[in-house]
Every structure is written in structure tokens, then in C-alpha cells.
Amino acid sequence: MAANKSTKAQAATVDDSTMEQFKIESFDVRKYNTIFYSIRDLYGRESQRQLGSDNFDWKAFKLQFEICFGRPEDCRYTTEQLLNFAKYKFNMSLEDLLAYNRKSWELRKRREQQYADMEQINSVIQHIPEITNSHVNCYQMLDQQPY
């Protein structure tokens, strides 16, 4: 009996090496930093919850995290390893990590805008000396208002 031949067509891989300066990295490589920083933030927040905010030091945590995971530029672990770690520790997939990172950036931008608004208000208040240095007599103000 003759062996059956497979009728499935083999998919040809696309070689983009000829793109030279326009070549882009694969999706996983481009998302490595997002995954890395999302895991660092999640791990830090969980550690902060366990230790309490009084006993937690973000700078010390970041140093310890760098000892264990390295820096994003080092790529000590593959994207797949980081995703497996995120799934095991936080039950988060790639999509969850990307959404978490996006929300984190939105929150950061909102805080920066609030700080900028507060700085602007403080600079206006400091430029008006009669508001900051004068004493207001409430009784005089009440006498001036009609009943």
C-alpha cells in the first residue's frame, strides 16, 4: 500500500531581512518593555500591600527587582518566560498586562496635569501679596453687605 501524501500546503515564511533600515522587531520584542514594567509595578504593589506602605521602599524594591530580573535592555528572560511568570503570579495575560500599562500611563499623565495645575495656582497666589499677607476682618465685610 502506498503512503498517503499530505495535501496541506506549507506556509512560506516571510524574510524581511532585505528591509534594512526599515526592518521592525517582532511584536513580542516590541512589547517586552511594556510587559517588564507592568510586572515590576504589579510585583511592587503586591509587595507594598504585604509589607504595608510604611515598611515599603520603592527605591530598594527597584534595586532588588533589577538584581533578580535585570533591566529591560538586558533581556535576561524571554517574553514568553515573563508572560508565564505574569500568568503564574498575577493571573494576567499579555492583553491584561498591556491594558494595565495603558491605564498606568493614563493615571500618570493625569497626575502630571494635576501637579502642573497646582503649580500654576501656587505661582499666581505667590504673585498676589495682598492675598497672602493681609489679614481679613470678617466683621467689616459683613457690615458692607446689604441685608
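Helix axes are taken here as lines fitted to C-alpha atoms over the stretch in contact, with angles running from 0 to 180 degrees between N-to-C directions. In this predicted model, the axes of α2 and α5 come within 9 Å and cross at roughly 75°. Angles of 65 to 115 degrees count as roughly perpendicular, and the two helices, α2 and α5, are therefore assigned to that class. On the α2 side, the contact is formed by Thr34, Ile35, Ser38, Asp41, Leu42 and Arg45, and on the α5 side by Leu94, Leu97, Leu98, Tyr100 and Asn101. Sorted by class, the residues of this contact comprise six nonpolar, three polar and two charged.

Helix α5 spans residues 94-126. With 33 residues, α5 extends 48 Å from its first C-alpha to its last, close to the 48 Å expected at 1.5 Å a residue. Its buried residues are Leu94, Leu97, Leu98, Tyr100, Asn101 and Ser104.

The largest nonpolar core contains 17 residues, and the most contacts inside it are made by Ile35, Phe36, Ile39, Phe65, Leu82 and Leu97. Two or more residues are contributed to this core by each of α2, α3 (58-69), α4 (79-90) and α5. The greatest contribution to the core comes from α2, with five residues. In soluble globular proteins, nonpolar side chains tend to be buried together. For leucine 82, with residues up to four places away in sequence not counted, contacts are found with Tyr32, Ile35, Phe36, Ile39, Phe69 and Tyr77. Of these partners, Ile35, Phe36 and Ile39 are also listed among the core residues with the most contacts.

Two further positions were examined, one in α2 and one in α4. Serine 47 lies in helix α2, which covers residues 32-51. The relative accessibility of serine 47 is 17%, and this residue is therefore classed as buried, the cut-off being under 20%. When neighbours within four places in sequence are left aside, serine 47 is in contact with Phe56 and Phe61.

Lysine 87 belongs to helix α4. Lysine 87 counts as partly exposed because its relative accessibility is 44%, a value between the limits of 20% for buried and 50% for exposed. Along the chain, lysine 87 and leucine 97 are 10 residues apart, and their C-alpha atoms are separated by 9.9 Å. Leucine 97 is one of the buried residues of α5 and is also among the residues with the most contacts inside the largest nonpolar core.

Methods:
Residues are numbered from 1 along each chain as its sequence is written. This is a predicted model: local features need pLDDT of at least 70, side-chain atom pairs count only at pLDDT 80 or more; totals for chains, interfaces and linings use all residues. Side-chain values use heavy atoms; hydrogens and water are left out. Helices (H or I, at least four residues) and strands (E, at least two) are DSSP runs, numbered from the N terminus. Buried means under 20% relative accessible area, exposed over 50%, partly exposed in between (1.4 Å probe, protein chains only). Contact means heavy atoms within 4.5 Å. A nonpolar core is a set of buried Ala, Val, Leu, Ile, Met, Phe, Trp, Tyr and Cys residues joined through side-chain atoms within 4.5 Å. The expected span of a helix is 1.5 Å times one less than its number of residues. Angles under 35 degrees count as roughly parallel, over 145 as roughly antiparallel, 65 to 115 as roughly perpendicular and the rest as oblique. Ala, Val, Leu, Ile, Met, Phe, Trp, Tyr, Cys and Pro count as nonpolar, Asp, Glu, Lys and Arg as charged, and the others, Gly among them, as polar.
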